[in-house]
Every structure is written in structure tokens, then in C-alpha cells.
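Here is a short briefing on a ligand site and the domains around it. Look at the structure first, then read the points below.

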Amino acid sequence: MDNYGDAGVCWRLARSLSNRDDIRIRLFCDDLNVLDKIAHSDAIKRGASLGIEVLPWSVAHSSEQLDQVADVVIEAFACELPAAYVELMAEAPKKPCWINLEYLTAESWADDMHLMPSPQNNGLSKHFYFPGFTEKTGGVTLGDWDLITQSSQAPASLQDYWQADSKAQRISIFNYRHAPLETWLKGLQTIALSRGNSFDIYICADQNISAEFLESSKSPQLNFIQLPFMPQEDYDWLLSRCDFNLVRGEDSFVRAQWAGKPFIWDIYPQSDHAHEVKLDAFLERYFEGSPSSLNTQGKMAMKWACPSTWWPNLEVWTQHSETWAQKLRDLGQLEVKILDFVKSQEISR
Ligand code: TRH
């Protein structure tokens with residue numbers, strides 16, 4: 001399975017912070033091939049144009065190759081800093097602000113864990129940073145979303161695919177291999193036949209939908225558009241323009257929320273089934289305050305119920321999604337909250 005989320009979240013955060021001119025960013029990554037895919041085929045070059053120095057993870061292992069230790073060190077997704085780097089941090093005259101960026105969760109314990117210090121036996125202390133959906137957590141990254149999505153013109157990588165003049169409803173698909181996409185699409189076919197809707201269905205790279213299925217299912221109402229893997233900003237634009245998005249993991253999941261449109265979240269599966277608890281925690285928070293029919297149907301939809309059972313509620317869901325996106329904005333964004341935390345640490349040191 002190809003995963004881009006860890007690199008995607010870090011790249012997005014680096015891009016968001018690089019907009020501020022007093023910050024110099026170094027992004028260490030253990031798989032530059034993944035980063036290249038989401039960053040216009042050349043993360044090092046793209047990063048340089050944005051003021052981000054992209055470096056292979058191996059460099060952080062060798063203290064000789066690093067001129068100085070950073071003022072702020074963000075260790076993302078328990079990547080565990082190399083011992084050589086931690087040594088440099090401990091020896092630095094001004095101790096860096098060390099943040100452990102965790103996975104996003106809607107579970108209520110994140111409120112208590114967010115910004116919890118974890119003293120180390122070398123005199124340093126790192127703080128857990130929990131992104132989330134409440135005021136007590138660290139928020140989610142907005143970055144350049146508004147700028148990217150304000151353009152009515154499709155970005156370069158989508159220009160050959162985007163059906164600008166179509167009157168059909170637009171759906172994007174980016175899921176894991178286990179997602180029951182063919183069954184779900186058959187449900188959509190039922191809506192097309194019974195209600196006369198038509199759909200443009202944008203299928204992202206490497207989705208588990210067979211060519212035979214696409215061939216046998218296409219009709220004047222169901223238009224399948226197979227997309228190549230595109231740069232992260234272009235995928236954001238696609239999400240913002242679709243009426244419904246099928247997303248997964250962490251980063252596309254958050255973007256679907258900024259889009260203010262209904263979506264299905266294909267959560268990253270964990271062997272101990274912890275993801276089921278995580279999904280339910282999100283659904284409770286997300287549908288809270290929505291009309292009761294949407295509350296019930298939306299939760300079913302998120303667990304792959306046949307679209308024909310809830311599609312008639314799409315308009316209500318769309319309104320709810322807009323309200324939710326506004327709620328997220330009001331909570332404050334991760335890139336701002338993380339800088340506020342760093343400032344508070346500088347004052348208290
Ligand atoms: O790739 P993912 O499945 O990532 C996952 C999750 O982040 C999960 O939490 C993590 O533990 C696991 O990886 C290892 O899904 P996600 O998070 O949506 O990340 C996809 C990234 O890929 C996102 O930044 C958007 C980007 N993307 C593109 O740049 N171009 C594309 O064409 C598409 C479809 C996605």
C-alpha cells in the first residue's frame with residue numbers, strides 16, 4: 001500500500017510555516033520519493049523555491065553535516081530523532097523547543113494530552129502536540145487552502161481531465177484497497193437510474209476499481225475520469241470543486257473538511273481496531289447538532305451504506321459541512337497555534 005500522509009502532513013506544515021519570513025525551515029524526510037510525488041516531482045527544488053531546505057533523513061544522523069541545531073524541532077509521527085541530533089540539541093547553549101507532533105484524533109483524551117511535557121533524561125523536555133477538533137487541542141493546518149482554491153480555473157495537472165462545462169454532480173475518489181468502491185458505485189448507478197442524476201466521477205491514481213467494472217458501468221449518467229497522481233495543491237483544488245469527496249488517512253480527510261462538502265472518510269486501518277473507536281469519536285463530533293435524519297444517515301454513509309439510502313439528504317449534509325468548516329476556522333489553525341506555543345516557551349525559558 002502506498003501512503004503519502006505522513007510526508008503530506010509535514011510538507012503542508014512546512015509550506016504553511018515557510019510563508020512567514022522570519023522562519024527558516026529544514027525538512028528531513030526518510031523517503032524523498034514520496035515527497036517528490038506530492039511536491040511537483042522534485043521536493044528539493046520545489047522546497048528551495050519556497051524557502052524550505054529538504055534533506056534526506058540520513059543527514060540528521062551525522063552531526064558533522066549539520067552546521068547548527070534548530071531553535072524549534074518538530075518530530076512528526078513518532079519518527080524518533082537520531083541520537084546524534086538529540087545530543088546536539090542537549091549541548092546547544094539555547095535549548096531548542098522540542099515538539100512531538102502526533103496523529104490527528106477526535107477522541108476526547110487528546111484535550112488532556114495536548115502540550116503535555118515529557119522530560120527527558122538529558123535535561124531536555126519535549127511536548128506532545130495533538131492536532132484536533134476542539135479548542136484545547138492543536139487544530140488542523142489550513143495553509144494556502146484559500147489561495148489555491150479561489151481560482152476557478154483547473155490547475156495544470158488537471159486541465160486535460162476537468163469537465164469545466166459539465167452540469168453533472170462531481171465526486172472524487174481516493175481510498176484504500178479495501179474500500180468497497182465497486183459496490184458503492186453500483187449504488188450511485190441506482191440513483192442515476194431512479195432519480196435521473198448524472199455524475200462525473202474523478203478517480204485518483206491507484207484506486208481499487210477494475211477496468212472491466214468501469215467499462216461495464218459507464219453510461220450517459222456515470223462519467224468516469226481516471227486521474228494521474230497530481231501535486232498536493234492540485235488535489236486540494238479538486239476536492240474544493242467536487243460536490244462529494246471520498247478521502248482517507250489524515251491529510252485528505254482534513255482537506256475534505258475545509259472543502260465544506262460532504263465526504264466519506266476511509267480511516268487508516270489499525271491491527272488492534274483502534275481506528276473504529278477513532279472513527280466513531282469523529283462522527284460524534286462532526287454530526288453533533290445536525291438534523292437527526294442527517295445524524296443517522298450521515299453516520300451510515302461514512303460506513304459505506306448504499307448511497308441511494310442517504311443521497312436525498314445531500315443538500316442538508318452540504319449545509320452542515322459548510323457550518324463545520326466554519327467551526328474549524330473559528331478554532332484556529334495548527335500553524336498559528338504551534339507558533340503561539342513556541343513563543344510561549346521562549347517567554348517562559
Ligand atoms: O496516503 P495516506 O493513506 O496517508 C496515511 C495517513 O496519513 C495515516 O494517518 C498514516 O499513518 C499512513 O498514511 C501511514 O492518506 P492521506 O493522509 O490523505 O495523505 C495523502 C496525501 O497525498 C495528501 O497530502 C494528499 C496527497 N495527494 C497528492 O499529493 N496527489 C494526489 O493525486 C492524491 C490523490 C493525494
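A polar contact here is a pair of N or O atoms within 3.5 Å. By that cut-off, Asp 251 qualifies: a side-chain N or O atom of Asp 251 sits 2.6 Å from an oxygen atom of the ligand. The model is predicted.

**Ligand contacts**
- The backbone takes part as well: a polar backbone atom of Tyr 4 is 2.7 Å from a ligand oxygen atom.
- Asn 3 places a polar side-chain atom 2.9 Å from an oxygen atom of the ligand.
- On its own, the ligand has 710 Å² of accessible area, and the protein covers 95% of that.

**The shell**

**Domains**
- The chain is divided into domain 1 (5–142 + 332–348) and domain 2 (145–331).
- Domain 1 puts 25 residues into the contact, and domain 2 puts in 25 residues.
- Between them, the two domains bury about 2,400 Å², with 55% of it on carbon and sulfur atoms.
- On the domain 1 side, Arg 12, Phe 133 and Leu 142 supply 28% of the area buried against domain 2, more than any other three residues.

Key: Residues numbered from 1 in each chain as written. Predicted model: local features only at pLDDT ≥ 70, side-chain atom pairs only at ≥ 80, totals over all residues. Heavy atoms only, no water. Polar contact = N/O pair within 3.5 Å; in protein donor to acceptor, adjacent residues only side chain to side chain. Areas by Shrake-Rupley, 256 points an atom, 1.4 Å probe, with all protein chains shown as cover. Domains from an automatic or database assignment. Contact = heavy atoms within 4.5 Å. Buried area = accessible area lost by both parts, 1.4 Å probe.
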